[in-house]
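Thanks for coming, everyone. I have one chain to show you today. Let me put it on the screen and walk through it.

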Amino acid sequence: MAKHTVGIVGEIPPGQRKIVELESRSIGVFNVKGTFYALRNTCPHQSGPLCRGRLIGLLRASDSRHLELSREGEILRCPWHGWEFDITNGRSVFNPHKLRVRSYEVTIEADEPDPSIETYPVTIERDRVVVHV
């Protein structure tokens, strides 16, 4: 499994995304409330640019008069035809057991200095967002 640094944590604030090209694949990297996820930028319906879609939540009816919004910012709606996917695992909201989009592991790794360069301690630390393809 190859590892690819796609940026630093601060470049993708909560509720935002960054779309990158890794090994000839377009992949969306999402920050959902401080946790990072990566999905293939291709909707399984008709190959639309899934990761360019709206980030939404789930609307549930607790009874005939009350609606409840949950998981806000965790659901991705394809911009072409509105198919919805769970960012945290790539599964379809409509048919989670049979339909999904490819998801990738994302880790946050400490930014390590290059040993060949003389450095001095500083107070700012940056972490890298790494996608495992």
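Start with Lys18: at 27% relative accessibility, Lys18 counts as partly exposed. By that I mean between the two cut-offs: buried is under 20% relative accessible area and exposed is over 50%, with a 1.4 Å probe and protein chains only. Before I go on, this is a predicted model: local features need pLDDT of at least 70, side-chain atom pairs count only at pLDDT 80 or more, and totals for chains, interfaces and linings use all residues. Residues are numbered from 1 along each chain as its sequence is written, and side-chain values use heavy atoms, with hydrogens and water left out.

What does Lys18 pair with in a salt bridge? Glu11, with the closest N and O atoms 3.3 Å apart. A salt bridge here is a side-chain nitrogen of Lys or Arg within 4 Å of a carboxyl oxygen of Asp or Glu. Glu11 is partly exposed too, at a relative accessible area of 47%.

By that rule the count is 7 salt bridges. One of them joins Lys3 to Glu109, with the closest N and O atoms 3.0 Å apart. Lys3 sits in strand β1 (residues 3–8) and Glu109 in strand β8, so this pair ties together parts 106 residues apart in sequence. Strands are DSSP runs (E, at least two residues), and helices are H or I runs of at least four, all numbered from the N terminus. Lys3 is partly exposed, at 48%.

Next, Lys33 and Glu74. Their closest N and O atoms are 3.5 Å apart. Lys33 lies in the loop between β3 and β4, Glu74 in strand β6, so the pair ties together parts 41 residues apart in sequence. Is each of the two buried or exposed? Lys33 counts as exposed, at 57% relative accessibility. Glu74 counts as buried, at 15%. Both belong to a salt-bridge network that links Lys33, Arg71, Glu74 and Asp86.

**Strands**

Now the fold. The chain has 0 helices and 9 strands. β2 and β3 pair in the antiparallel sense over 6 bridges; pairing requires at least two DSSP bridges between the strands. Leu22 stands opposite Arg25 in β3. The two strands form a hairpin with 2 residues between them, and Glu23 in the turn has a positive phi of about 50°.

Then there is an open sheet of 3 strands, in the order β5-β6-β7, with antiparallel pairing. Its edge strands are β5 (54–63) and β7 (84–86), each pairing on one side only. β5 and β6 (residues 66–77) pair over 8 bridges. Among the partners, Ile56 bridges to Ile75 in β6.

**Cores**

Last topic. A nonpolar core is a set of buried Ala, Val, Leu, Ile, Met, Phe, Trp, Tyr and Cys residues joined through side-chain atoms within 4.5 Å. The largest one has 12 residues, including Val6, Leu22, Phe36, Tyr104 and Val131. Which elements give two or more residues to this core? They are β2 (17–22), β3 (25–32), β4 (35–40), β8 (103–110) and β9 (127–132). A second, separate core has 11 residues, among them Cys43, Leu50, Leu76 and Ile87.

Back to Val6 for a moment. Leaving out residues up to four places away in sequence, Val6 touches Glu11, Lys18, Val20, Leu22, Val29, Val129 and Val131; contact means heavy atoms within 4.5 Å. Glu11 and Lys18 are the salt-bridge pair I began with.
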